[in-house]
Amino acid sequence: MILEGLLSVVDPLTICLILAGVVIGIVFGSIPGLTSTMAVALCLPLTYGMSPVNGIGMLIGLYVGGTSGGLISAILLKIPGTPSSVATTFDGAPMAERGEAGKALGVGIFYSFWGTVLSILALIFIAPSLAQVALRFGPQEYFAICLFALTMIGSMSGGNLLKGLMSGVFGIVVSLFGIASVGSAERFTFGLVELENGFQQLPVMIGLFAVAEIIQVGAEGIDPAKAQIKEAKLHGFGLSWQEFKDQFVNFIRSALIGIGIGILPGIGGATSNIIAYSIARQQSKYPEKFGTGIVDGLVASETSNNASIGGALIPMLTLGIPGDTVTAILLGALTLHGITPGPLLFKNNGQLVYGIFGAFILATIIMLVVEYGGIRVFTKVLAVPKYILLPVVMVLCIVGTYGTNHQMFDVWSALLFGAIGYFMSTHNFPKAPMILGFVLGHIVEENLVRGLMYTDGSFLAFFRSPIAAVFMGISILVVLWTAYKEIRGRFPQKEAA
């Protein structure tokens with residue numbers, strides 16, 4: 001059954017469909033405002049007349065290509081193509097600015113590939129076990145994990161803890177706009193019907209990074225000296241053997257973070273790449289270099305966000321629970337083909353399951369070949385004058401933002417957060433804590449309220465869950481350690497005579 005399933009994708013038509021999916025996905029991922037979710041949703045009707053393996057294979061290709069494609073604009077334009085590539089801009093863009101765009105792209109593509117490979121191995125060999133573990137997670141466990149993730153704000157503050165905390169708190173406040181998911185209370189709607197659903201993730205991301213960057217370039221003007229583009233030289237993937245060995249622990253840790261977060265429904269790659277980046281910075285021997293253009297940040301971001309693909313597929317296939325928005329669409333696609341995901345899927349449709357695994361493997365290999373082959377083409381984007389390139393990017397951002405929900409409110413939201421992002425850049429407020437607070441704020445609130453409802457209002461009951469107790473204990477230790485380092489930095493000990 002395994003052999004038949006894997007061989008079912010070795011068909012010219014299937015290969016062509018997966019190739020088309022990967023290429024289209026890369027295009028969608030690399031254009032700010034367009035995402036893998038949009039690509040899969042738009043191409044879903046095309047799969048109705050296909051066989052299940054061909055249809056799901058094409059959608060898997062879109063998913064893989066869209067997630068990885070976000071690194072292209074994140075590195076070249078300093079604008080994340082997708083929310084899962086936000087952390088890639090922190091070190092990828094500085095590398096491109098100093099003439100290392102080829103190396104940055106090579107490293108990003110290389111670890112995108114291996115992050116996906118590890119998630120495939122987890123999906124094939126330990127999916128049922130991991131899914132059963134994830135099934136034990138209730139509101140207390142979700143709250144504890146997200147609370148732990150929020151403690152990473154301290155390590156993402158860029159040397160100014162106060163501004164980092166202010167940025168993180170602002171992100172949490174923004175995430176609470178709209179009608180509460182538990183209790184249906186209206187918060188900060190100001191009488192606007194459009195605000196009842198709160199601010200959507202894509203307009204906020206596009207505003208903070210794309211629109212803010214365009215405003216900043218327009219305000220500062222274009223420096224002709226900086227506009228000189230250096231030739232992108234690349235040997236292999238731009239990574240030496242020594243660098244590969246140095247990044248091995250970072251790579252494994254980031255992959256595990258991506259797989260683990262991908263399994264948990266509702267969190268996904270937009271969170272995993274920021275958390276993996278912040279933990280890599282926290283564990284690094286030279287945290288002050290993060291954000292200046294080092295490969296460590298690229299490795300953490302691109303490994304984790306691609307590893308979350310396989311992680312998100314695990315609960316979808318084994319439990320019928322989507323891990324993110326793309327797997328929710330894939331779940332619908334399977335249902336349309338008469339297939340019911342869940343515990344019996346491997347028994348009743350084993351050949352199809354292994355066909356999906358084969359399509360996943362093939363899409364990952366195609367992604368590596370297509371992106372690596374296009375590196376020199378991608379870097380030509382830097383040669384386009386900014387007075388031509390940035391207006392085009394702005395139009396694409398507006399179109400992509402509008403196309404998500406077909407609401408002009410999302411466009412105005414992107415422009416609003418563009419102004420906020422420009423203010424943050426000019427006043428040295430870090431954006432990463434705000435993104436982390438915005439993504440996790442409503443998840444923390446929702447699971448805190450649900451957890452308190454389950455425990456009759458007793459917060460101490462949260463500590464009865466071993467998983468929640470461990471993560472909250474770690475959170476407390478991280479906060480204490482961050483406070484200790486901050487106090488020690490402000491009041492250095494006098495050297496002994």
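How are α4 and α14 oriented to each other: roughly parallel or roughly antiparallel? The legends below take up this question and a few others, using a predicted model.

**Figure 1. Helix α4 packs with helix α14.**
Let's start with the opening question. Here α4 meets helix α14 (residues 295-319) at an angle of about 165 degrees, and their axes are 11 Å apart. Angles over 145 degrees count as roughly antiparallel, so α4 and α14 are roughly antiparallel to each other. Their crossing is right-handed. On the α4 side, look for Ile60, Tyr63, Val64, Thr67, Ser68, Leu71 and Ile75; on the α14 side, the contact is made by Leu298, Glu302, Asn305, Asn306, Ser308, Ile309, Ala312 and Leu313. Sorted by class, this contact of α4 with α14 has nine nonpolar, five polar and one charged residues.

**Figure 2. Helix α4 also packs with helix α5.**
This view shows α4 (residues 52-76) with α5, at an angle of about 55 degrees and with 7 Å between the axes. That angle makes α4 oblique to α5. The crossing of this pair is right-handed. From α4 come Leu71, Ala74 and Ile75, and from α5 come Thr88, Thr89, Gly92, Ala93 and Ala96. By class, the contact of α4 with α5 has five nonpolar, three polar and no charged residues.

Is Thr89 buried or exposed? Its relative accessible area is 3%, so Thr89 is buried. Setting aside neighbours within four places in sequence, Thr89 is in contact with Ala74, Lys78, Ile79, Pro80, Pro94 and Phe209.

**Figure 3. Arg187 sits in strand β2.**
Strand β2 covers residues 186-187. Buried means under 20% relative accessible area, and Arg187, at 19%, is therefore buried. Arg187 and Phe177 are ten residues apart in sequence, and their C-alpha atoms are 5.4 Å apart in space. Phe177 is also one of the contacts of Arg187 beyond four places in sequence, along with Leu176, Gly178, Ala180 and Glu445.

**Figure 4. Helix α12 from end to end.**
How far apart are the end C-alpha atoms of helix α12? They are 23 Å apart. The helix has 16 residues (248-263), and at 1.5 Å a residue they should span 22 Å, so the two values agree. Buried residues in α12 are Asn250, Phe251, Ser254, Ala255, Ile257, Gly258, Ile259, Ile261, Gly262 and Ile263.

Methods:
Residues are numbered from 1 along each chain as its sequence is written. This is a predicted model: local features need pLDDT of at least 70, side-chain atom pairs count only at pLDDT 80 or more; totals for chains, interfaces and linings use all residues. Side-chain values use heavy atoms; hydrogens and water are left out. Buried means under 20% relative accessible area, exposed over 50%, partly exposed in between (1.4 Å probe, protein chains only). Contact means heavy atoms within 4.5 Å. Helices (H or I, at least four residues) and strands (E, at least two) are DSSP runs, numbered from the N terminus. The expected span of a helix is 1.5 Å times one less than its number of residues. Axes are lines fitted to C-alpha atoms, for helices over the stretch in contact, and angles run from 0 to 180 degrees between N-to-C directions. Angles under 35 degrees count as roughly parallel, over 145 as roughly antiparallel, 65 to 115 as roughly perpendicular and the rest as oblique. A crossing is left-handed if the near helix is turned anticlockwise from the far one by less than a right angle, and right-handed if clockwise. Ala, Val, Leu, Ile, Met, Phe, Trp, Tyr, Cys and Pro count as nonpolar, Asp, Glu, Lys and Arg as charged, and the others, Gly among them, as polar.
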